[in-house]
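Me: I'd like to walk through this structure with you, starting with the pockets and then moving on to the side-chain contacts. Could you take it one topic at a time?

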Amino acid sequence: MSLDTMQDLLIAELRDIYSAEKQILKALPKMAKAAESSALKKAFTSHLTETKGHVARLEQIFKSLEKRPGGKKCKGMEGLLKEGSEMCEEDGEDAVRDAGIISAAQRVEHYEIAAYGCAIAFAESLGENKIAGLLKQTRDEEEAADDKLTSIADGEVNPAAVAAGEEGDEDEE
């Protein structure tokens with residue numbers, strides 16, 4: 001695809017985001033299964049439902065633009081999800097692994113927030129206010145998911161991970 005116009009760039013960005021969201025749909029059940037914390041499992045399961053809505057919104061946008069959503073694979077998301085998958089498979093203390101899974105998941109959320117922010121700016125510059133509104137809705141949900149992960153980390157997982165490490169230190173003495 002040639003990027004000759006801002007419209008071309010918007011379409012390319014939307015296709016990249018669409019690919020990222022589709023990859024996330026496959027990754028979230030695995031992350032939920034790997035998580036030990038019930039709050040973290042619930043957050044991933046809940047975000048899976050939201051992500052299905054994100055894909056549907058993107059498909060609605062593509063339909064309104066009379067474009068197809070498919071395109072090349074989002075390699076950035078592919079790499080982030082690969083790192084997340086590797087974290088899920090690590091051996092060690094459950095709480096420590098959960099803290100690592102949250103870290104990986106938050107990198108995914110931040111990538112999405114940045115991508116949606118760019119797409120919103122492109123849509124607004126083209127006067128595509130309805131599209132920008134749909135994208136803002138999704139970006140807001142991604143920000144809320146990131147906040148939820150921070151809350152789980154700060155309120156439960158990170159303190160448990162620290163405590164697990166301290167118990168390990170006492171065993172060595």
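Me: Which helices supply at least two residues each to the lining of the largest pocket?
Reply: Please keep in mind that this is a predicted model. The helices in question are α1, spanning 6-34, and α3, spanning 75-88, each of which supplies at least two residues of the lining of the largest pocket.

Me: And how much space lies in there?
Reply: The largest pocket holds about 320 Å³ of space. Its lining is made up of 14 residues, and those nearest the centre are Lys26, Ala27, Lys30, Leu81 and Ser85.

Me: How do the lining residues of the largest pocket divide into nonpolar, polar and charged?
Reply: Six of the residues lining the largest pocket are charged, five are nonpolar and three are polar.

Me: OK, what volume does the second largest pocket have?
Reply: The second largest pocket comes to about 280 Å³, and its lining consists of 20 residues, with Ala43, Phe44, His47, Ala145 and Lys148 lying nearest the centre.

Me: Which helix gives the largest share of that lining?
Reply: That is α2, which contributes seven residues to the lining of the second largest pocket. At least two residues each come from α1, α2 (38-65), α4 (94-125) and α5 (129-172).

Me: What about the classes in the lining of the second largest pocket?
Reply: There, 13 residues are nonpolar, five are charged and two are polar.

Me: Switching to cysteines: how many disulfides does the count come to?
Reply: The count comes to zero disulfides.

Me: Next topic, rings. How many aromatic pairs are there?
Reply: The count comes to one aromatic pair. The partners are Tyr18 and Phe62, and because their planes stand at 80 degrees to one another, with the ring centres 6.0 Å apart, the pair is edge-to-face.

Me: Where do Tyr18 and Phe62 lie?
Reply: Tyr18 is in helix α1 and Phe62 is in helix α2, so this pair ties together parts of the chain that are 44 residues apart in sequence.

Me: Would you call Tyr18 and Phe62 buried or exposed?
Reply: Phe62 counts as buried, at 1% relative accessibility, and Tyr18 likewise counts as buried, at 11%.

Me: Now charges. How many salt bridges turn up in the whole structure?
Reply: A search of the whole structure finds eight salt bridges. One of them joins Glu141 and Arg57, with the closest N and O atoms 3.0 Å apart, and this pair links distant parts of the chain, as Glu141 is in helix α5 and Arg57 is in helix α2, 84 residues apart.

Me: And Arg57, is that residue buried or exposed?
Reply: Arg57 counts as buried, with a relative accessibility of 13%.

Me: Which residue does Asp94 form a salt bridge with?
Reply: Asp94 forms a salt bridge with Arg97, and the closest N and O atoms of the two are 2.7 Å apart. Asp94 and Arg97 are both in helix α4, three residues apart, so about one helical turn separates them. As for accessibility, Asp94 counts as partly exposed at 31%, whereas Arg97 counts as buried at 14%.

Me: What does Glu124 pair with?
Reply: Glu124 forms a salt bridge with Lys136, where the closest N and O atoms are 2.8 Å apart. Since Glu124 lies in helix α4 and Lys136 in helix α5, the pair ties together parts that are 12 residues apart in sequence. Glu124 is partly exposed, with a relative accessible area of 37%, and Lys136 is partly exposed too, at 32%.

Methods. Residues are numbered from 1 along each chain as its sequence is written. This is a predicted model: local features need pLDDT of at least 70, side-chain atom pairs count only at pLDDT 80 or more; totals for chains, interfaces and linings use all residues. Side-chain values use heavy atoms; hydrogens and water are left out. On a 1 Å grid over the protein atoms alone, a cavity is a set of points where a 1.4 Å probe fits but cannot get out, and a pocket is an open set with protein on both sides within 12 Å along at least five of seven lines; lining residues have an atom within 4 Å of a point. Grid points are joined across faces, edges and corners, and a volume is the space filled by probe spheres set on the points. Helices (H or I, at least four residues) and strands (E, at least two) are DSSP runs, numbered from the N terminus. Ala, Val, Leu, Ile, Met, Phe, Trp, Tyr, Cys and Pro count as nonpolar, Asp, Glu, Lys and Arg as charged, and the others, Gly among them, as polar. A disulfide is a pair of cysteine sulfur atoms within 2.5 Å. Rings of Phe, Tyr and Trp (its six-membered ring) pair if their centres lie within 6.5 Å; planes under 30 degrees apart count as stacked, over 60 as edge-to-face and the rest as tilted. Buried means under 20% relative accessible area, exposed over 50%, partly exposed in between (1.4 Å probe, protein chains only). A salt bridge is a side-chain nitrogen of Lys or Arg within 4 Å of a carboxyl oxygen of Asp or Glu.
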